[in-house]
Amino acid sequence: MKYKVDDIVTLKKGHPCGENSWKILRTGLDIKLECQGCNRVVWLSRVDFEKRIRRIKTNEGKFISIIHYEPEEN
Ligand SMILES: [Zn+2]
């Protein structure tokens with residue numbers, strides 16, 4: 001999958017605070033995510049994260065399905 005640090009994503013389930021958008025702070029074997037509602041930080045294993053990720057925010061500010069996401073080349 002084509003996500004990277006600083007991307008904003010939504011997951012299958014939102015945070016208990018009611019928000020469901022997360023900023024990716026770190027990638028690797030574990031993924032570090034910051035809730036954009038309350039700024040709480042959580043860690044997910046990459047396997048879990050890739051099961052739960054649903055949508056990703058594009059450069060235009062729209063959320064689209066991760067399946068259809070094609071990041072622009074730099
Ligand atoms: Zn939260």
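Predicted model: local features only at pLDDT ≥ 70, side-chain atom pairs only at ≥ 80, totals over all residues.
1. Contact here means heavy atoms within 4.5 Å. Setting aside neighbours within four places in sequence, Leu11 is in contact with Asn20, Trp22, Leu33, Leu44, Phe49, Arg52, Ile53 and Arg54.

2. Leu11 also belongs to the largest nonpolar core. This core has 14 residues. Those with the most contacts inside it are Tyr3, Val9, Leu11, Ile24, Leu33, Phe49 and Ile53. The largest share comes from β3, with three residues. Leu33 and Ile53, both among the residues with the most contacts inside the core, are also contacts of Leu11.

3. Now the surface. Leu25, Val41 and Trp43 form a nonpolar patch there. Together they have about 260 Å² of accessible area. Val41 sits in strand β4, which covers residues 41-45. Its relative accessible area is 36%, so Val41 counts as partly exposed. A patch residue needs over 30% relative accessible area, and Val41 has 36%.

4. Next, a loop residue. Thr58 lies between β5 and β6 (63-65), in the loop. Is Thr58 buried or exposed? Thr58 is buried, because its relative accessible area is 13% and the cut-off for buried is under 20%. Beyond its neighbours within four places in sequence, Thr58 is in contact with Ile64 and Tyr69.

5. To follow this on the structure, start with Leu11 and its contacts, including Phe49. Then find the patch of Leu25, Val41 and Trp43 on the surface. Finish at Thr58, in the loop between β5 and β6.

Definitions and conventions. Residues numbered from 1 in each chain as written. Heavy atoms only, no water. Patch = residues over 30% accessible without salt bridge, like charges linked within 9 Å, V, L, I, M, F, W, Y side chains within 5 Å. Areas by Shrake-Rupley, 256 points an atom, 1.4 Å probe, with all protein chains shown as cover. Salt bridge = Lys/Arg side-chain N within 4 Å of Asp/Glu carboxyl O. Helix = DSSP H or I, 4+ residues; strand = E, 2+ residues; numbered from the N terminus. Buried < 20%, exposed > 50% of the residue type's maximum accessible area, 1.4 Å probe, protein only. Core = buried A, V, L, I, M, F, W, Y, C linked by side-chain atoms within 4.5 Å.
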